Amino acid sequence: MPRSKKSQAHGGDKCPQAQGQTQSCGGAQAIAAAEEESTTSSLQCEDTTQSLPGAESCSTSQEPQRIPTIAAAAVFSYTRSSEAFDGQYKYRALAYEVPPFTETPGTDCLTRKASLLEQFLLYKYKMKQLMMKEDMLKIIHQSHHDRFAEILRRASERIELVFAVELKEVDSVVPCYNLVSKLKLPNNGRVRGGRGLPKTGLLMNLLGMIFLKGNCAAEEDIWKYLGTMRVYAGRKHLIYGEPRKLITKDLVRLKYLEYRQVANSDPPRYEFLWGPKAHLETSKMKVLEFLAKVNDAVPSDFPAYYEEALRDEEEKAQGMHAARPDTTVKVSTPPRDMLNIIIPPVRKYVKFLPPDRKI
């Protein structure tokens with residue numbers, strides 16, 4: 001993909017020889033072990049982007065010349081090693097789906113470091129722990145400490161594209177960070193209680209598909225698209241759990257999606273629309289910006305959708321202006337006798353004041 005090629009252009013450094021010293025900080029130690037393994041076997045990357053057709057049943061607009069592709073959310077497969085570091089599981093990234101870093105062993109060290117840092121950030125998010133800069137520097141070779149900002153930017157941008165969470169600094173005195181969901185899903189994007197990886201990226205992709213399909217998408221199209229992510233109804237997923245329950249129950253209950261039967265369909269067919277919480281917390285423009293980043297583009301590169309998103313922004317602005325209450329204070333002079341009731345003459349209370357008090 002264009003973004004992968006763009007990422008390669010930034011780092012042509014030769015990676016120095018890794019020193020055989022062990023890391024000693026929980027998640028950082030697990031990632032350091034993954035770094036050792038990555039020198040012998042590269043990550044397998046597969047491009048599974050899918051171009052979506054224009055609106056079929058819910059829109060009458062003509063098909064635009066260019067349609068943004070929707071990137072399948074990362075399939076962050078991991079295995080649990082029999083050995084645990086400090087009582088924690090060891091996670092190894094086995095496969096990524098678009099948009100991947102192109103792994104070229106020995107030729108693009110910054111890309112490899114960013115990929116390792118990305119795994120570490122996701123591991124810390126999953127464990128509900130803050131990401132300490134000190135720990136991150138332990139993952140990056142000392143000779144690359146001066147490139148830390150660039151490596152962190154690459155890792156956080158990729159995580160944002162895949163999971164729709166943003167890396168934010170929590171404390172600048174003792175530098176530490178956290179990944180924050182773009183939408184206000186429960187448990188910072190995890191939806192359900194406990195630990196886990198964010199579901200926000202899946203939801204943003206679903207909202208994007210609904211938008212591209214004319215503001216409603218047939219259920220069969222949704223599952224066909226999810227199949228490109230190896231996400232299937234009735235089959236438990238490592239990140240999303242049981243996908244059908246997550247999409248048709250949880251996200252519907254939370255009002256991010258609307259799931260309804262197609263009128264007069266026999267046998268019954270169903271379709272998805274944006275729910276009221278989605279309209280409240282995001283917009284077509286924000287979703288289009290998300291898809292544009294995935295396509296290494298800007299929203300205006302997709303004129304038909306961009307114009308619709310602009311109209312949506314204008315309608316929302318007009319609606320907010322119309323719904324805004326009139327805050328003008330209207331002062332009306334009450335009758336003279338009412339003044340005595342509302343504000344009794346001050347002189348009446350002079351005799352109750354201490355001698356040294358004056359009014």
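Tyr259 stands opposite Phe272 in strand 10. This is a predicted model, so local features need pLDDT of at least 70 and side-chain atom pairs count only at pLDDT 80 or more, while totals for chains, interfaces and linings use all residues. Residues are numbered from 1 along each chain as its sequence is written, and side-chain values use heavy atoms, without hydrogens or water.

Start with strand 10 itself. Strands here are DSSP runs of E with at least two residues, and helices are runs of H or I with at least four; both are numbered from the N terminus. Strand 10 covers residues 270-274, and four of its five residues are buried, so the rest of the structure largely encloses this strand. Buried means under 20% relative accessible area, exposed means over 50%, and partly exposed lies in between (1.4 Å probe, protein chains only).

Strand 10 has strand 9 (residues 257-261) as an antiparallel partner, joined by five bridges. Two strands pair if DSSP finds at least two bridges between them. Strand 8 (residues 217-218) also pairs with strand 10, again antiparallel, over two bridges. The loop between strand 9 and strand 10 contains Pro267. The peptide bond from Asp266 to Pro267 is cis, with omega near 5 degrees.

Strand 7 (residues 176-181) runs antiparallel to strand 6, and six bridges join the two.

Lys128 is not a glycine, yet has a positive phi of about 60 degrees. Lys128 sits in the loop between helix 3 (109-126) and strand 5. This lysine is partly exposed, at 46% relative accessible area. Val191 also has a positive phi, near 75 degrees, and is not a glycine either. Its place is the loop between strand 7 and helix 6 (200-212). Val191 is buried, with a relative accessible area of 9%.

Which residues are linked in a network of salt bridges? They are Glu160, Glu166, Lys182 and Lys293. A salt bridge places a side-chain nitrogen of Lys or Arg within 4 Å of a carboxyl oxygen of Asp or Glu. Lys182 and Glu160 meet at 2.9 Å, N to O. Lys182 is in the loop between strand 7 and helix 6, and Glu160 is in helix 5 (residues 148-163), 22 residues apart. Glu160 is buried at 15% relative accessibility, whereas Lys182 is partly exposed at 29%.

Glu160 also forms a salt bridge with Lys293, the closest N and O atoms being 3.3 Å apart. Lys293 lies in helix 10 (residues 284-294) and Glu160 in helix 5, so this pair ties together parts 133 residues apart in sequence. Lys293 is partly exposed, at 39% relative accessible area.

Another salt bridge joins Glu219 and Arg244, at 3.1 Å from N to O. Glu219 belongs to helix 7 (residues 219-227) and Arg244 to helix 8 (residues 243-253), 25 residues apart. Glu219 is buried at 11%, and Arg244 is partly exposed at 34%. Across the whole structure, the search finds 16 salt bridges.
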